[in-house]
Amino acid sequence: MHLSRRTLLASASTAALPAAPRHGERLRTGFERLSADGYALLAGRRVGVVTNPTGITRDARHIVDVMHADPRVRLTAVFGPEHGFRGTAQAGGSEGRYDDPATGLPVYDTYLKSGRPLADVFTASGVDTVVFDIQDVGARFYTYIWTLYDCMEAAQLAGKRFVVLDRPNPVTGRAAEGPVLHKEFATFVGRQPVAQAHGMTVAELARLFNEEFLSTPVPLETVAMSGWRRDRFYDAWGLPWVPPSPNMPTADTALVYSGTCMFEGTNLSEGRGTTRPFELLGAEGVDGRWAAAANGLGLPGVRFREAYFTPTFSKFQGKTVGGVQIHVTDRAGYDPVRTGIALLVTARKVWSGFAWRPDDWIDKLTGSARVRTMIDAGAGTDEVTGAWQEELTAFRRVRGRHLLYK
């Protein structure tokens, strides 16, 4: 069936909702729909792509390699985020400026650049259209959505057109959950007032950013998926999973990440340096009392196992620590943010060594000082999670205006 440009594209202001999938219809990503239309949206343009190893086709070829080999696309540059375009860098690193050995294309580094300096990168590259295609994991503090925001802002400053190719939210798009960022706590793990688990795709976030947060909107076009349903998890779609970053090895990691990444703000290990990052949590001196206390809360969709592990890097490198492993038993009933709060509350109660990181990183992750100060004051899980409901309700109303899918 021919897909016209009108039905293919969902612009920032006039996006049409994709139809619910017919029986047997497979999901098609934004890139699949773009290529199926012969790259009409990019015709005659000098194109640069913001991407990383997750920008792949269904048969696991990278979209940069595919477009570079296609004479219908004038691909002239690649822009690499944190961890790099080909994914060679660990957390907090990037690949720098180099020429890609596979294609010969110049690769520019966007990591930790924003505003005018990033706009200058786009200008120097000579592109007139910037395309974004990166797999997100659904959490506000995962930095790729703020790479998206920074690139949109910079493209506007540089006078460039911006195109977002959509991919699934791997943990569904059912609802937004958790605290909403307060602007005075804005950093690269949260630029704008978004819920901790946002429940959106990158194209929906691009629409939100453009219409709610950018002082001057960028010329934006989004290529929506077809066949995606908000209530389905990543493994429903038959797409290959590529780790978006070294410590996001599976879609199961993404399922817990929006809650357990908060342990980055503590002196406990969040499981980096293990084969189950963000599913394993612990520290020296922690024992089975933590798992027992967490299980005693009766949280829906999850059980906690007393666990011992030895991280190969990051916190407690080379040391055996005790803690918990999270076992999600019902993905539909599981609330990762509430579970993360419950684990913080119980860890502080059962382990006398519990402490926040001295730089109050937990405030940056949760978007305010509220979680830290309430837990320090002895608040329980219900009290902490109840404190953000009003702002979450307000965010959900704003979010609803920018959703593309049923």
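Reply: The protein carries 47 positive and 43 negative charges, and their mean positions lie 4 Å apart (Lys and Arg against Asp and Glu, without His and chain ends, placed at NZ, CZ, CG and CD respectively). This is a predicted model, in which local features need pLDDT of at least 70 and side-chain atom pairs pLDDT 80 or more, while totals for chains, interfaces and linings use all residues. Numbering starts from 1 along each chain as its sequence is written, and side-chain values use heavy atoms, without hydrogens or water.

First, the whole. The protein has 13 helices and 13 strands (DSSP runs of at least four and at least two residues, numbered from the N terminus). Along the principal axes, the C-alpha atoms occupy a box of roughly 65 × 45 × 40 Å. Of the 406 residues, 60% are buried (under 20% relative accessible area; exposed is over 50%, partly exposed in between; 1.4 Å probe, protein chains only). Among contacts with a separation of 6 or more, 74% link residues 24 or more positions apart (contact: heavy atoms within 4.5 Å).

Now the part itself, Thr-54. This residue sits in the loop that runs from strand E2 (47-51) to helix H3 (63-68). Thr-54 counts as buried because its relative accessibility is 4%. Its side chain makes a polar contact of 2.5 Å with the side chain of Asn-52 (N or O atoms within 3.5 Å, one able to donate a hydrogen and the other to accept it; sequence neighbours count only through side-chain atoms). Leaving out residues up to four places away in sequence, Thr-54 touches Ile-134, Gln-135, Arg-167, Val-242, Pro-243 and Pro-244.

Leu-112 lies between strand E5 (106-109) and helix H4 (115-125), and at 62% relative accessibility Leu-112 counts as exposed. Asp-360 lies between helix H9 (336-350) and helix H10 (361-366); with a relative accessible area of 27%, Asp-360 is partly exposed.

Most residues other than glycine have a negative phi.
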